[in-house]
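Dear colleague,

Please find below the structure that I am handing over to you.

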Amino acid sequence: MTNPIEILVRQLAERFIKTSMKLVVAESCTGGSLAENLTRFPGSSSWFDCGFITYSNQSKQEILSVSSEIIEEFGAVSEEVALEMAKGALDKSTADYSVSITGTAGPDGGSEDKPVGTVCIAWYERNKGGNTTRINFEGDRQRVREQSCLLAMQGLLDILQKSSD
């Protein structure tokens, strides 16, 4: 049986190849698993540009140009930081689209307003801007990370489908 991640990756690959567009990812709590999933199948080099794993706040600032003021005001797990990560990834690549993930996968590190399982995802299209979502996933660390990747890919597929309609 084909798993949901495999189905999404194949659909994304088809869309990117058809449009000759490229993707860049910026990850924090998923630690590179989004990039790993996206590049699992042969041929991904034709549409996957690169990925950034910026786990620490310092790396988010230095590598993706996320402002320290945004991190201080909203926290690393926020839609504002996710959006800056997505924009920063696009700025540092030749890709046309980006997706970023930041969150608290657990088992600890959560707070009252951002409990374990809180994840923020941003999607950005070059020259068009981006959008974000914040969600609270249930489950252990691995499950939160897996659900984050699924939502990031599904959101990207939705954007690609809308832009081609």
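**Contacts and overall fold**

Of the contacts in the chain with a separation of 6 or more, 62% are between residues 24 or more positions apart, where contact means heavy atoms within 4.5 Å. Please note that this is a predicted model, in which local features need pLDDT of at least 70 and side-chain atom pairs count only at pLDDT 80 or more, while totals for chains, interfaces and linings use all residues. Residues are numbered from 1 along each chain as its sequence is written, and side-chain values use heavy atoms, with hydrogens and water left out.

The chain contains six helices and five strands; these are DSSP runs numbered from the N terminus, with helices (H or I) of at least four residues and strands (E) of at least two. Their pattern along the sequence is α-β-α-β-α-α-α-β-β-β-α.

The five strands form an open sheet of mixed pairing, in the order E2-E1-E3-E4-E5; two strands pair if DSSP finds at least two bridges between them. Strands E2 (48-53) and E5 (129-136) are at the edges with a single partner strand each, so one side of each has no neighbour in the sheet. Strand E1 (residues 23-27) pairs with strand E3 (residues 97-103) in the parallel sense over five bridges. Glu-27 has Ile-101 in E3 as its bridge partner.

Helix H6 (residues 141-164) packs on this sheet and touches E1, E3, strand E4 (118-125) and E5.

Finally, 48% of the 165 residues in the chain are buried, meaning under 20% relative accessible area with a 1.4 Å probe, protein chains only.

Yours sincerely

Terms used:
Axes are lines fitted to C-alpha atoms, for helices over the stretch in contact, and angles run from 0 to 180 degrees between N-to-C directions. Buried means under 20% relative accessible area, exposed over 50%, partly exposed in between (1.4 Å probe, protein chains only).
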